Amino acid sequence: ALEVRLASRPKGWPAAENFEIAEVEVPAPAEGQILVRNLFMSVDPYMRGRMNDVKSYVPPYQVGAPLEGGAVGEVVASNSPDFAVGDHALHGLGWREYAVLDARFAAKVDGSVAPLSTYLGVLGMPGLTAYAGLLVTAEFKEGDAVFVSGAAGAVGQIVGQVARLKGASRVIGSAGSAEKVKYLTEELGFDVAFNYKDGPVAEQLAAAAPDGIDVYFDNVGGDHLEAAISSLNLNGRATLCGAISQYNATEPPKAPRNLFQLIGKRLTLRGMLVADHKDLQPQFVAEMGKWIASGELKYTETVVEGGVHQAADAFLGMLRGENTGKMLVKF
Ligand code: NDP
């Protein structure tokens, strides 16, 4: 079977040469293990950070070793009482056609309850990030005006809609194309959206939120964060979820330069990691499931076909903004 390995560590923007496809033997599952044939794998922004050899909240990928990440597949052999052949499993060994792992590191998922791909997106890690980051980290409350960057992505598309459903006074989003802006306002019910490539973020945000914002959900960092700090009202809160504008940067960011505004406006900027919010999972799935079933919450997936052969391209495409909603690779 085939797997995708890190061939070398990227400096700045990754390229095809940083990845290699290798053929490996698929072992039979040992005691307590399952063998999974992957059906979907996720490509996520955090994977760029794991390609660097630096200490972080997750260990770096190793050169010459297969990449890892969220995946859903079908159990084709089981040496565990917890999984039968034919069950579907959510696990952390994407980037390969077949995964062998301890059953305790896999979660059973049901394709008849929700499409299998959604366990990697709207009902999975990105969805929980949006839900927890808005409701817990930013302490969102009814009537807040909310701005989210990366708004047409996996996390962002959920943040804006949860804010709307929970009674935001105004939902504003930024994204990188006219089509995405249209998707936000015409499909997802954002009040206003703008293309950050059309002009300075600070000016576009000020125009979109003449009365300021109370919550900023940051997926981007840099000038987006600076603009949000300027637009945040007294006692405003920001969730620092990601800083994708900096993941491929080779120089330190030039913004934000206005942190002093935190003082007078008593702003709170708080970092979050989805892994800290596992306790919210049942509430999240119940509420999200209800909104999806009623049609009140919509989501998009960008699914790249071709399995391991297209995985690196899909990852690079996601970094360039080629996805709307969750970027996935189908095997
Ligand atoms: P997305 O689906 O949003 O995909 C990434 C998007 O980032 C692209 O589609 C692109 O859209 C946008 N982008 C790329 N470069 C830039 C740039 N320079 N400036 C502005 N936007 C850019 O990814 P996710 O929803 O999975 O992740 C969103 C953010 O959330 C990331 O920063 C990620 O690291 C973070 N995250 C954090 C977690 C946590 O626990 N803290 C968990 C999960 C995600 P566009 O066309 O709009 O440019």
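Taken over C-alpha atoms, the centres of domain 1 and domain 2 are 29 Å apart. Keep in mind that this is a predicted model.

Domain 1 comes in two stretches, 2-119 and 300-330. Domain 2 covers 125-275. These bounds come from a domain assignment.

How do the domains meet? In domain 1, 15 residues are in contact with 15 residues of domain 2. Look at the side of domain 1 that touches domain 2. Four of its residues are nonpolar, eight are polar and three are charged.

Now the ligand. How many residues surround the ligand? There are 30, and the closest are G153, A154, G176, G242 and G321. Two elements give two or more residues to this shell: α2 (125-137) and α9 (308-320). By class, the shell has 17 nonpolar residues, 11 polar ones and two charged ones.

Why does the ligand lie between the domains? Both domain 1 and domain 2 give residues to its shell, so the ligand lies between them.

Last stop: Y299. Find Y299 in the loop between α8 (281-294) and β14 (301-305). Is Y299 buried or exposed? Count C-beta neighbours inside 10 Å. Y299 has 21. The cut-off for buried is 20 or more, so Y299 counts as buried.

Who are its partners? Set aside neighbours within four places in sequence. Y299 is then in contact with G121, V122, Q157 and G325. One more pair to find: Y299 and A152. They sit 147 residues apart along the chain, yet their C-alpha atoms are separated by 9.5 Å.

Terms used:
Residues are numbered from 1 along each chain as its sequence is written. This is a predicted model: local features need pLDDT of at least 70, side-chain atom pairs count only at pLDDT 80 or more; totals for chains, interfaces and linings use all residues. Helices (H or I, at least four residues) and strands (E, at least two) are DSSP runs, numbered from the N terminus. A residue is buried if 20 or more other C-beta atoms lie within 10 Å of its own, exposed if 12 or fewer, and partly exposed in between; C-beta atoms are placed from the backbone. Two residues are in contact if their C-beta atoms, placed from the backbone, lie within 7 Å. A residue is near a molecule or strand if its C-beta atom, placed from the backbone, lies within 6 Å of it. Ala, Val, Leu, Ile, Met, Phe, Trp, Tyr, Cys and Pro count as nonpolar, Asp, Glu, Lys and Arg as charged, and the others, Gly among them, as polar. Domain bounds come from an automatic or database domain assignment.
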